[in-house]
Amino acid sequence: MEDALLAKRSEERDLMLAVAAGDRSAFTALHERFHSLVERYVRHHLPDPSQAEEVVQDVFLELWLIADRYDPAHSVIAWIRTIAQRRAIDRVRKSRADRDRDLRIGVRDLELVDHTTTEHAESVLDRIALRRGIAALPERQREAVVLRHLVGLTGPETATELGVPLGTAKTRARDGLIALRRVMLPEPA
């Protein structure tokens with residue numbers, strides 16, 4: 001069973017490296033292999049089918065454009081899920097911000113202003129704070145938090161990736177989140 005999993009991961013890495021080299025047929029194969037997974041993952045975050053479809057397209061466009069950044073030392077599926085999660089969450093945040101803004105000023109009074117620069121800056125600052133917080137965690141907790149909550153692996157997938165029992169993986173992820181909250185949330189004055 002483990003040999004089959006290793007062979008599958010090796011095949012996925014080779015496919016991703018071919019995409020990084022600009023191989024369009026490899027990209028087609030990658031799309032066919034992971035489209036339903038990306039679609040399911042995105043629809044989990046975005047119940048609106050039209051938004052989900054747009055995000056799935058954005059994910060694969062991004063995969064094509066940044067395939068050269070893929071690190072073969074890591075799982076292809078984890079990398080793709082990270083990109084899908086980031087895109088889906090960005091869309092949810094943008095939709096929520098748009099809705100809140102429209103409610104505040106009213107649709108008829110809505111000025112056509114491009115807020116993407118501000119949103120991008122806030123997103124960058126959030127990511128910087130998160131990276132610093134994660135870097136402050138002990139290594140075992142950091143690995144579990146990243147795999148479980150940023151990459152989006154399930155509990156059993158995280159345990160397998162870490163090579164530890166499921167309960168240990170869950171405890172590390174939980175303890176890491178608690179420690180991360182203490183680092184990232186300011187103390188009340």
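Ile80 counts as buried because its relative accessibility is 0% (buried means under 20% relative accessible area, exposed over 50%, partly exposed in between, with a 1.4 Å probe and protein chains only). Ile80 sits in helix α4, residues 76-105. Helices here are DSSP runs of H or I with at least four residues, numbered from the N terminus.

This is a predicted model, where local features need pLDDT of at least 70, side-chain atom pairs count only at pLDDT 80 or more, and totals for chains, interfaces and linings use all residues. Residues are numbered from 1 along each chain as its sequence is written, and side-chain values use heavy atoms, with hydrogens and water left out.

What does Ile80 touch, not counting residues up to four places away in sequence? Its partners are Leu30, Phe34, Val38 and Leu63. Contact means heavy atoms within 4.5 Å. Val38 is 42 residues from Ile80 along the chain, yet their C-alpha atoms are separated by 7.7 Å.

**Helices α2 and α3**

Helix α2 (residues 24-45) packs against helix α3 (residues 49-66) at an angle of about 145 degrees, and the axes are 10 Å apart. Axes are lines fitted to C-alpha atoms, for helices over the stretch in contact, and angles run from 0 to 180 degrees between N-to-C directions. From α2, the contact includes Leu30, Phe34 and Val38. From α3, Leu63 is one of the residues that take part. The contact residues divide into 13 nonpolar, 2 polar and 3 charged. Ala, Val, Leu, Ile, Met, Phe, Trp, Tyr, Cys and Pro count as nonpolar, Asp, Glu, Lys and Arg as charged, and the others, Gly among them, as polar.

**Salt bridges**

A salt bridge is a side-chain nitrogen of Lys or Arg within 4 Å of a carboxyl oxygen of Asp or Glu. By this rule the model has 10 salt bridges. Among them are these:

| Pair | Closest N and O atoms |
|---|---|
| Arg33 and Glu12 | 3.8 Å |
| Glu62 and Arg86 | 2.1 Å |
| Arg174 and Asp175 | 2.9 Å |

Glu62 lies in helix α3 and Arg86 in helix α4, so this pair ties together parts 24 residues apart in sequence. Glu62 is buried at 9% relative accessibility, whereas Arg86 is partly exposed at 32%.

Is Glu12 buried or exposed? Glu12 counts as buried, at 5% relative accessibility.

Arg174 is partly exposed at 48%, and Asp175 is partly exposed at 26%. Elsewhere, shared partners join Glu11, Glu12 and Arg33 into one salt-bridge network.

How values were computed
Helices (H or I, at least four residues) and strands (E, at least two) are DSSP runs, numbered from the N terminus.
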